[in-house]
Amino acid sequence: MSEARVAIFTDGACSGNPGPGGWAALLRYRGKERWLNGAEPRTTNNRMELTAALRALQSLKKPCAVDLTTDSQYLKQGVEQWLAGWKRNGWRTSGRDPVKNRDLWEALDAVLAQHEVRFHWVRGHDGHAENEAVDAHARAAIRELLKPESR
């Protein structure tokens, strides 16, 4: 893997939960930045948090060492604490319920196997510059999705 680390900052947002949702990611590598974002008409905040991380990691062209910063405990704890057990239990929680967002967790699990990823949590809406920026981009994606088409 590359000696230099890729810094990734991700966020997901929803207008209503469920409702229209957006996600965004900022990737930094050797002084360069790349923005990614998107939106879905009916989704949840958790799906958008997972989608942001998934799309960012999928965009990497080769195996990388990554520092991924998120304000989502669901994402961080899911990867670090729950994912292995879910897989062992046939994608069931400890309460034997089906894992929510399994499609995204499976895709995330596959892409995580290609990279060395360290997750970092920051409190959302607490002045962390990059977290505020990805939140703004995720919300902008929702506004773009909801914008009436120009004639």
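Entry on the model. I worked from a predicted model, in which local features need pLDDT of at least 70 and side-chain atom pairs count only at pLDDT 80 or more, while totals for chains, interfaces and linings use all residues. Residues are numbered from 1 along each chain as its sequence is written, and side-chain values use heavy atoms, with hydrogens and water left out.

Entry on strand 4. I took helices (H or I, at least four residues) and strands (E, at least two) as DSSP runs, numbered from the N terminus. Strand 4 covers residues 65-70, and six of its six residues are buried, where buried means under 20% relative accessible area with a 1.4 Å probe and protein chains only. I noted that A65, D67 and T69 point one way from the strand, whereas V66, L68 and T70 point the other way.

Entry on pairing. I counted strands as paired if DSSP finds at least two bridges between them. Strand 1 (residues 5-14) runs parallel to strand 4 and is joined to it by five bridges, and strand 5 (residues 116-121), also parallel to strand 4, is joined to it by six. V66 is the bridge partner of V6, and in strand 5 V66 has V117 as its partner.

Entry on the helices. I found helix 2 (residues 73-88) and helix 3 (residues 102-112) packed at about 95°, their axes 11 Å apart, with axes being lines fitted to C-alpha atoms over the stretch in contact and angles running from 0 to 180 degrees between N-to-C directions. The contact (heavy atoms within 4.5 Å) includes Y74, L75 and W86 of helix 2 and W105 and L108 of helix 3.

Note on methods
Buried means under 20% relative accessible area, exposed over 50%, partly exposed in between (1.4 Å probe, protein chains only).
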